[in-house]
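Take a look at the model below. This briefing starts with the ligand and then turns to the chain that holds it.

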Amino acid sequence: MSDCLFCKIIRGEIPSNKVYEDELCYAFYDIEPQAPVHFLVVPKEHIASALEINDENSHIVGHVFKVVEKLANELGFAQDGYRIVNNCGKDGGQTVGHIHFHVLAGRNLGWPPG
Ligand code: 5GP
Ligand code: ZN
């Protein structure tokens, strides 16, 4: 999508601090980190939100979780634990209209969320 912020980041039109990339997804550090480790994993395909997950694209979500498991081990926070967050829609706190999974780690994250 031409005017989507995360599509522009994926295409390299807006700079980002890359964590990982493969044919299905792109991961980069959040510009406003909420934990010592905070990066976003986004599908390369433009999917607006969790409401647009369907039989054709749901495999990407499983892939994202697998990638996070791999990165958690490589980056060293697997043992202490981490949180994967998807905000969906207005009340969910979604501010960018391209589905993304926050990965937060490096401190006790607390519950419930705000
Ligand atoms: P949301 O609120 O939609 O769940 O999360 C959007 C996230 O994208 C926020 O945590 C915000 O800090 C991050 N973000 C917004 N614009 C940029 C940007 O230009 N670069 C990076 N790296 N992160 C961004
Ligand atoms: Zn997009």
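Start at histidine 102: an N or O atom in its side chain is 2.8 Å from an oxygen atom of ligand 1. This is a predicted model. The protein covers 82% of the 520 Å² of accessible area that ligand 1 has on its own.

**Polar contacts of the ligand**

- Aspartate 30 also reaches the ligand: one of its polar side-chain atoms lies 2.5 Å from an oxygen atom of ligand 1.

**The shell around the ligand**

- How many residues surround ligand 1? There are 16.
- The closest of them are Asp30, Asn87, Thr95, His100 and His102.
- Sorted by class, the shell around ligand 1 holds 8 nonpolar residues, 6 polar residues and 2 charged residues.

**Where the ligand sits**

- Ligand 1 is found in the largest pocket.
- Two elements give two or more residues to the shell around ligand 1: helix 1 (5-11) and strand 2 (25-29).
- Which element gives the most to this shell? Helix 1 does, with 3 residues.

**The chain as a whole**

- The chain has 3 helices and 5 strands.
- In what pattern do they follow one another along the sequence? The pattern is α-β-β-β-α-β-α-β.
- The chain is as compact as a globular protein of 114 residues, because its radius of gyration of 14 Å is close to the 13 Å that the globule rule gives for that length.
- The C-alpha trace of the chain spans about 35 × 30 × 30 Å along its principal axes.

**A cis peptide bond**

- Look at the bond from tryptophan 111 to proline 112: this peptide bond is cis.
- Its omega is near 5°.
- Where is proline 112 in the chain? Proline 112 lies in the segment after strand 5 (101-105).

**To take away**

- Ligand 1 sits in the largest pocket, and 16 residues surround ligand 1.
- Helix 1 gives the most to that shell.

Key: Residues are numbered from 1 along each chain as its sequence is written. Chains are lettered from A and ligands numbered from 1 in the order in which they are written. This is a predicted model: local features need pLDDT of at least 70, side-chain atom pairs count only at pLDDT 80 or more; totals for chains, interfaces and linings use all residues. Side-chain values use heavy atoms; hydrogens and water are left out. A residue is near a molecule or strand if one of its heavy atoms lies within 4 Å of it. A polar contact is a pair of N or O atoms within 3.5 Å; within protein, one must be able to donate a hydrogen and the other to accept it, and residues adjacent in sequence count only if both atoms are side-chain atoms. Accessible areas come from the Shrake-Rupley method with a 1.4 Å probe; for residues, only the protein chains shown count as cover. On a 1 Å grid over the protein atoms alone, a cavity is a set of points where a 1.4 Å probe fits but cannot get out, and a pocket is an open set with protein on both sides within 12 Å along at least five of seven lines; lining residues have an atom within 4 Å of a point. A molecule sits in a cavity or pocket if more than half of its atoms lie within 2 Å of its grid points. Helices (H or I, at least four residues) and strands (E, at least two) are DSSP runs, numbered from the N terminus. Ala, Val, Leu, Ile, Met, Phe, Trp, Tyr, Cys and Pro count as nonpolar, Asp, Glu, Lys and Arg as charged, and the others, Gly among them, as polar. The radius of gyration is taken over C-alpha atoms; the globule rule is 2.2 Å times the number of residues to the power 0.38.
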